[in-house]
Amino acid sequence: MTPHLDAVVLLPEIVVTSTIAVVFVLDLFAPKRQRGLLTSVSGVGVLVALASVVVLYCTSRHASMVGGSYVVDDFALLAKALLVASTFVVLLMGSPKEWRGEYLVLILSSLLGAVMVVSSRELVTFIVAFELLAIPGYLLTGWRKRSTAGHEGALKFYLLGMIATAIMLYGASLVFGVAGATKFETIAAVFSSPDGNSMLAVVGVLFVLAGMAYKFSAVPLHFWAPDAYQGAPVPVAAYLSVVSKVAGLFAFAEFALVALPGAGHIWAPMLAVMAVATMTVGNVVALRQTDFVRLLAYSSIAQTGYALVPIVVAGSYGGTKDLALESLFEFLAIYAAMNLAAFSVVIAVGSTSIVSLRGLFQTRPAQAVALTVALLSLAGIPPLGGWFAKLVIFRSGIEAGSTVATVLVVIVAVNTAIGLYYYANVIAQMWRPSEDLQPLPRPPLYVFIALASTVAATLVMGVLPGLITHLGEMMRFAS
């Protein structure tokens, strides 16, 4: 029987796929002097994909296809909107003059995996989309062909990524062996029964989630991230830090809360330990960093720990699925804006050393103010967006009411205080006068647009949090 497919709700995936094909063909046949248009073509394709997502959401156009294996619901549409919008900002940061076509095809291919994984409700489709999201990142990390740091970061990322994929696939085979099916709804039914408590089931669940946790650099699977971010071109580091990580966290929440809600007693304790370790290690190690991109890598690791808290409490500690999804979306939307703002300043300045930022306010006051806003927001200082991001994490734990949830909230608060120290250190460098200043070139217009839009979003979501909470309340799986 031919599977049912709704071409209208698949429009974002169709647009991204078509853009990949167009960029690939243009790169083959366009004259060298005109290949700068490839980035513009990619940007237009991503904007069209974003517009299609917005139209689908505003018209409440949902669908369940291939027997429930691929679902477009409010969760999927809001997640896609955030992922596509973030990718557009990454494209604004620029693309390398050499190998531009290959770079863009890899970025768009990873985006295609991201928008597919949040709609996948079947194990095989889910894993294929998850790997499509991840694999281009290995190549993009080593993009700078003569960079030793890039080669090292890419090799670590690739080798550890293949090990994590093997672990995830082995766990998935065990989950399939226990459930006898690959659809999430069937897996959920089996793992909510006594059959889901067998040793085979426990090992399968833990292996799948551990393999997935590597992709968004949760401790102890985080070792690749600092080297990969530092060795990669800055736009690639921004993509890995935001789009790839956000998609991984959405996929993790989707699998845990749709396929394994009845197995929360298995994965929630492991995830609680992982969340505490992730936020603590990320913040403590960030204190010693002298490279700004490497600092942002450890900062993003710490932010991952915060993002895991709503999922943990929804698993087995008194939280609800709806509140977990709402908190996760609100947190990740704000995280994406403030992190992209920080990376945009790195591109505008042209240096990643924290010491080189000294006196930035004297030479580029607008960029210094923008980075100050981004870092204070990451630290959770009102009225910037980061304070509300922390607030939704606190709320998810407090409303759960359990002892474990309360302890997690306290640990988040302590780690927030630790994070403030190293963010403040960078801010102090920028605002401290310096006598030995070098003139900085003005950033291109498209980098300025990326910087201005992300800083504006960070400010707006902090001053008017109701805008983001309205969307967060709509973040629901199809019943």
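S42 sits in helix α2, which spans residues 37–58; helices are DSSP runs of H or I with at least four residues, strands are runs of E with at least two, and both are numbered from the N terminus. The model is predicted, so local features need pLDDT of at least 70 and side-chain atom pairs count only at pLDDT 80 or more, while totals for chains, interfaces and linings use all residues. Residues are numbered from 1 along each chain as its sequence is written, and side-chain values use heavy atoms, with hydrogens and water left out.

S42 is buried, at a relative accessible area of 0%; buried means under 20%, exposed over 50%, and partly exposed in between, using a 1.4 Å probe and protein chains only. Leaving aside residues up to four places away in sequence, S42 touches T19, V23, L91, L104 and L108, where contact means heavy atoms within 4.5 Å.

Two residues other than glycine have positive phi. S60, in the loop between α2 and β1 (63–65), has a phi of about 50° and is exposed, with a relative accessible area of 52%. V66 also has a phi near 50°; V66 belongs to the loop between β1 and β2 (70–72) and is partly exposed at 38% relative accessible area.

Cis peptide bonds come next. One joins V219 and P220, with omega about 10°, and P220 lies in the loop between α8 (199–215) and α9 (224–231). Another runs from P382 to P383, with omega near 0°; P383 is in the loop between α15 (365–379) and α16 (385–400).

V273 is exposed, with a relative accessible area of 57%.
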